[in-house]
Every structure is written in structure tokens, then in C-alpha cells.
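Open the model in your viewer and keep the sequence panel beside it. Each stop below gives a selection and says what is there.

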Amino acid sequence: MTAAQQRDQPAAAVPGPPLPVLDGPWSAHAAQADGPDLDLVHGWMQSPHIDAFWHQAWPRERWAEEISGHLAGDTILPLLVEHDGSPFAYIEVYRVVRDRIAGKYPHRDHDLGLHIAIGEAARTGQGLGRSLLRALADGLLAADPACDRVVAEPDVTNTPSLKAFAAAGFHTAGEIAFPEKTAALLIRPRHEKDLPR
């Protein structure tokens, strides 16, 4: 099946989010709902620099349920990303067509989205976030030939995140309103022609 034929599939036939194709120094695996993976995600989510925007400083048991639910579905793929073999970030790759953002812009069924949380505050502000975002966008476009756009919707007040996405090649395509935030709609297209008009 060609990429164009895949893009024309009914939304129900669109596969879940793929694992991005990453090269060193980055690597990623699906986060597990127990053991060291759960310990990392739960611990990171308690950090003030993450909780300020994620608002998910939940108990460990709730994070176990959250990750289990994601792994059992076809909307969100929870990932742990390592930099040079050291745990670096929790990432959620989501299929836009099955997410609440689908009604907020003229999406395509194979669009993929990103949520990112860099685990340790000390590792922010060093340019690693923008490097990771570029690698993730490239890696998702490589993993799904039918995907022409990778999107993100960080809070408009999250200036460091906005700068990192811009440096990674994401274009601002307006603002979208959610109950808990006003978000910037950011899009990394495969080609310039893939930006919404």
C-alpha cells in the first residue's frame, strides 16, 4: 500500500502511534506500567518543573493505570527516552485522529502528536530538548510514511518549551483552547506544503 493510499484509509483503520526511529545518542522504548519505568515516570511527574504544565503529580498506582491504559489502546504510546544510555524524558506519542485535538485544527488521519517531559530540571536549558524534539519528529516521520505532520500543543505560557519546539523546526499555526490551558498549535511538516492552509 502506498503512503497516499494509507492516508485515504478510514480513521478506524489508522494504526496506533509507532515507535520513532531514533539514532544515537537517543534511544526509546515503550514505558512499562511497573518496575523501574513506573518509578521513573511517577518520580519525574512530582517535579515542580513538570507538574507546572502537566498537572499529573499523581500517586504511583494511578500512573500504573495510566500507562497500562495507554499500552492497551491505540491512541497514545508512552515512551521513555534515553540520552547516551541515561534516562532523559517521558514522551507520549499520540494519534491525533483519536485525541481531543482532532477537532481543533484541520487534521489528517495519520497526524501524530507529542507530549514531552524532560525528567530532571538540571538537564533542561542545555539544548538537549530541541535536539530530542528534532530527533523525535524525524523519527516519527520515518516510522510512518503516511504521516505528513507531527504536532504539539504546549501551554502558551511555557516559553522554554515554545523556544525548543521552534528550534526543532516546528511552525506556530495559531492557538487552541482547552479547559485547562490555552495552547500553541505547533506543527512540524514533512514538507512545507503539508502545513495547514
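**Stop 1: two packed helices**

Select helix H5 (residues 128-143) and helix H6 (residues 159-167): they pack at an angle of about 50 degrees, and their axes are 8 Å apart. H5 is therefore oblique to H6 (under 35 degrees counts as roughly parallel, over 145 as roughly antiparallel, 65 to 115 as roughly perpendicular, and the rest as oblique). Axes are lines fitted to C-alpha atoms, for helices over the stretch in contact, and angles run from 0 to 180 degrees between N-to-C directions. Helices (H or I, at least four residues) and strands (E, at least two) are DSSP runs, numbered from the N terminus.

Show side chains for Arg130, Leu133 and Arg134 of H5 and for Ala164, Phe165 and Ala167 of H6, which make the contact (heavy atoms within 4.5 Å). By class, the contact of H5 with H6 has 4 nonpolar, no polar and 2 charged residues. Ala, Val, Leu, Ile, Met, Phe, Trp, Tyr, Cys and Pro count as nonpolar, Asp, Glu, Lys and Arg as charged, and the others, Gly among them, as polar.

**A note on the model**

This is a predicted model: local features need pLDDT of at least 70, side-chain atom pairs count only at pLDDT 80 or more, and totals for chains, interfaces and linings use all residues. Residues are numbered from 1 along each chain as its sequence is written, and side-chain values use heavy atoms, with hydrogens and water left out.

Colour by pLDDT (the predictor's confidence in each residue, from 0 to 100). The protein chain averages 93, and 94% of the residues score at least 70. Over residues 1-8 the pLDDT is below 50, and this stretch has 10 contacts in the model beyond near neighbours in sequence.

**Stop 2: H2 and H4**

Next, select helix H2 (residues 35-45) and helix H4 (residues 60-72), which pack at about 115 degrees with axes 10 Å apart. On the H2 side, pick Gly35, Leu38, Asp39, Val41, His42 and Met45; they meet Arg60, Trp63, Ala64 and Ile67 in H4. The contact of H2 with H4 has 6 nonpolar, 2 polar and 2 charged residues.

**Stop 3: an aromatic pair**

The whole structure holds 5 aromatic pairs (rings of Phe, Tyr and Trp, its six-membered ring, with centres within 6.5 Å; planes under 30 degrees apart count as stacked, over 60 as edge-to-face and the rest as tilted). Select Trp54 and Tyr90, a tilted pair at 5.8 Å centre to centre with 55 degrees between the planes. Trp54 is in helix H3 (residues 48-54) and Tyr90 in strand S3 (residues 86-95), 36 residues apart.

**Stop 4: backbone details**

Which form does the peptide bond from Gly24 to Pro25 take, cis or trans? The bond is cis, with omega near 10 degrees. Pro25 lies in the loop between helix H1 (3-7) and strand S1 (26-30).

Finish with His55, in the loop between H3 and H4, where phi is near 55 degrees, a positive value in a residue other than glycine.
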